[in-house]
Amino acid sequence: MRPDTDLSTPPSVSTGEAFRFWLKLGCISFGGPAGQIAIMHRELVDERRWISEARFLHALNYCMVLPGPEAQQLATYLGWLMHGTIGGIVAGALFVLPSLVLMIALSWVYVTFGQLPIVAGIFYGIKPAVTAIVAQAAWRIGGRTLRNGWLMAIAVAAFLAIFPLKVPFPAIVLTAALLGALGGRIQPNLFAMSQVHATAAKNAGSALIDDDTPIAPRHAWRARTALRFAAIGVTMWVAVMLLLIADGGVQSTLTQMGWFFTKAALFTFGGAYAVLPYVYQGAVETFHWLTPLQMIDGLALGETTPGPLIMVVAFVGYLGGDANLVVSGQPFWSGALAACVVTFFTFLPSFLFILVGAPFIEATRGNLQMAAPLTAITAAVVGVIVNLAVFFAWHVWWPNATPDAVFAGGSDLLSMALTVAAAIALLRYKVNVVWVILACGTTGGVLAAAKLLG
């Protein structure tokens, strides 16, 4: 019987099976944060039914209000929910490590061989698939979240706020939370998690971790445990920073990278797209670790490789380390070491936010005062994801357009066709995301090869 028609509770998941899944996810998580959230939702909620819809969105809501990469934090949260601290660390690490290895390899290719036409062609084909994946995320999460007119209105307002009005993402989240808190008092039935997700849960069948499944007692919220995790994290940060200072001094490239990307991780809310302007300003204009054109190329790599989009920071680190030869006479190892340092300081806070905060957030699931704002945030997130789909489609379909000339250079009809084909495959025929990406990337590579052969 297919998983989506079997209403029985799935069997328990061993740590080995979970390890294999998180490793697979780290290797196939294309599409930026929205696409990665869509993949996790499809795999964990729809197909495997390891996590219920309500528990998934409750975790997502928390991750969306944190600084840093929300998709990686969501993977860490869900890994913790299933197997405790070790599960969270493994899930979060495997979400990042394949991307780090691949980004180091691609950065080396980029520096050594320059722009390769075949690789550029593959990227050209993948971009429409990424656009379709983001649109699928909006469709799936919106279809199960926007269960009444109030939540729909919040989603539309969020889209209008972030798209034409350019309202900062944190302001949108805060406003949605305030509206949810107010709505929870006036019309509590419209903002209760159980009401919003009742239909989805009924149709999907029981999940291994269902709406009412309690967390293990050893994982319950305790202030002493939270303080211990916080102390461990701060100690790790201080130890690595002292090693970098001892090796090269306060003004060394690696020390500056460690401090700069710590600030990026702690003080930039709204996910990767909120972090990128800050990274661009610091890496390009202040420290001159790379050029503006190289930063754009790094973003393209981040958008079309698995893992968090913010892994573009590994590209920044590699080029900065390579240019400054942080390992004397060793360009590759200079870049690789800098990429690892940057990744460590970027993601360490994310693990702490989850290991410290997730037990408390789980304890609030039955509290309408907490659930109503989070429900409203979910509705706002739908509008934000739609904005991402529009943003991607604009850049992919009109590649030469600029903010001052939004349709300049004419449309790319082939990219439009690939996007529509990918969307139909995902939404209508439920084709696996990996096959859609491979098909589109292969198409782009074949077209590039044909062009080279004349």
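Colleague: Which handedness does the crossing of α5 and α18 have?

Modeller: This is a predicted model, where local features need pLDDT of at least 70, side-chain atom pairs count only at pLDDT 80 or more, and totals for chains, interfaces and linings use all residues. Residues are numbered from 1 along each chain as its sequence is written, and side-chain values use heavy atoms, with hydrogens and water left out. Helix α5 (residues 117-145) packs against α18 at about 150°, the axes being 7 Å apart; axes are lines fitted to C-alpha atoms, for helices over the stretch in contact, and angles run from 0 to 180 degrees between N-to-C directions. A crossing is left-handed if the near helix is turned anticlockwise from the far one by less than a right angle and right-handed if clockwise, and that of α5 and α18 is right-handed.

Colleague: How do the residues of the contact of α5 with α18 divide into nonpolar, polar and charged?

Modeller: Contact means heavy atoms within 4.5 Å. On the α5 side the residues include G121, G125 and A129, and on the α18 side they include G441, G444 and G445. Ala, Val, Leu, Ile, Met, Phe, Trp, Tyr, Cys and Pro count as nonpolar, Asp, Glu, Lys and Arg as charged, and the others, Gly among them, as polar. The division is 13 nonpolar, 6 polar and no charged.

Colleague: How is α17 oriented relative to α18, roughly parallel or roughly antiparallel?

Modeller: The axes of α17 (residues 413-427) and α18 (residues 433-453) come within 10 Å and cross at roughly 160°. Angles under 35 degrees count as roughly parallel, over 145 as roughly antiparallel, 65 to 115 as roughly perpendicular and the rest as oblique. The orientation of α17 to α18 is therefore roughly antiparallel.

Colleague: How many polar residues are in the contact of α17 with α18?

Modeller: The crossing of these two helices is right-handed. From α17 the contact takes L414, L418, A422, A425 and L426, and from α18 it takes V433, V436, C440, T443 and L447. Of these residues, 9 are nonpolar and none is charged, which leaves a polar count of 1.

Colleague: How many helices and strands does the chain have?

Modeller: Helices (H or I, at least four residues) and strands (E, at least two) are DSSP runs, numbered from the N terminus. Among contacts in the chain with a separation of 6 or more, 75% involve residues 24 or more positions apart. The secondary structure comes to 18 helices and 0 strands.

Colleague: What is the angle between α3 and α15, and which class does it fall in?

Modeller: R55, H58, Y62 and C63 of α3 meet F353, I354, G357, A358, I361 and E362 of α15. These residues divide into 6 nonpolar, 2 polar and 2 charged. The crossing is right-handed. The axes come within 11 Å at an angle of roughly 130°, so the class is oblique.

Colleague: Which residue meets E362 in a salt bridge?

Modeller: A salt bridge is a side-chain nitrogen of Lys or Arg within 4 Å of a carboxyl oxygen of Asp or Glu. Here the N to O distance is 2.9 Å, and the pair links α15 (residues 331-362) to α3 (residues 53-64), 307 residues apart. E362 is buried at 5% relative accessible area, where buried means under 20%, exposed over 50% and partly exposed in between (1.4 Å probe, protein chains only). Its partner, buried at 1%, is R55.

Colleague: How many salt bridges does the count come to?

Modeller: E43 pairs with R48 at 3.0 Å; E43 is buried at 5%, while R48 is partly exposed at 26%. E47 and R42 meet at 3.2 Å, with E47 partly exposed at 31% and R42 buried at 7%. Shared partners join K24, E43 and R48 into one network. The count comes to 4 salt bridges.

Colleague: Which residues is T262 in contact with, leaving aside its neighbours within four places in sequence?

Modeller: T262 is found in α11 (residues 253-267) and is buried, at 6% relative accessible area. Its C-alpha atom is separated by 5.3 Å from that of F345, 83 residues apart along the chain. The contacts of T262 are W237 and F345.
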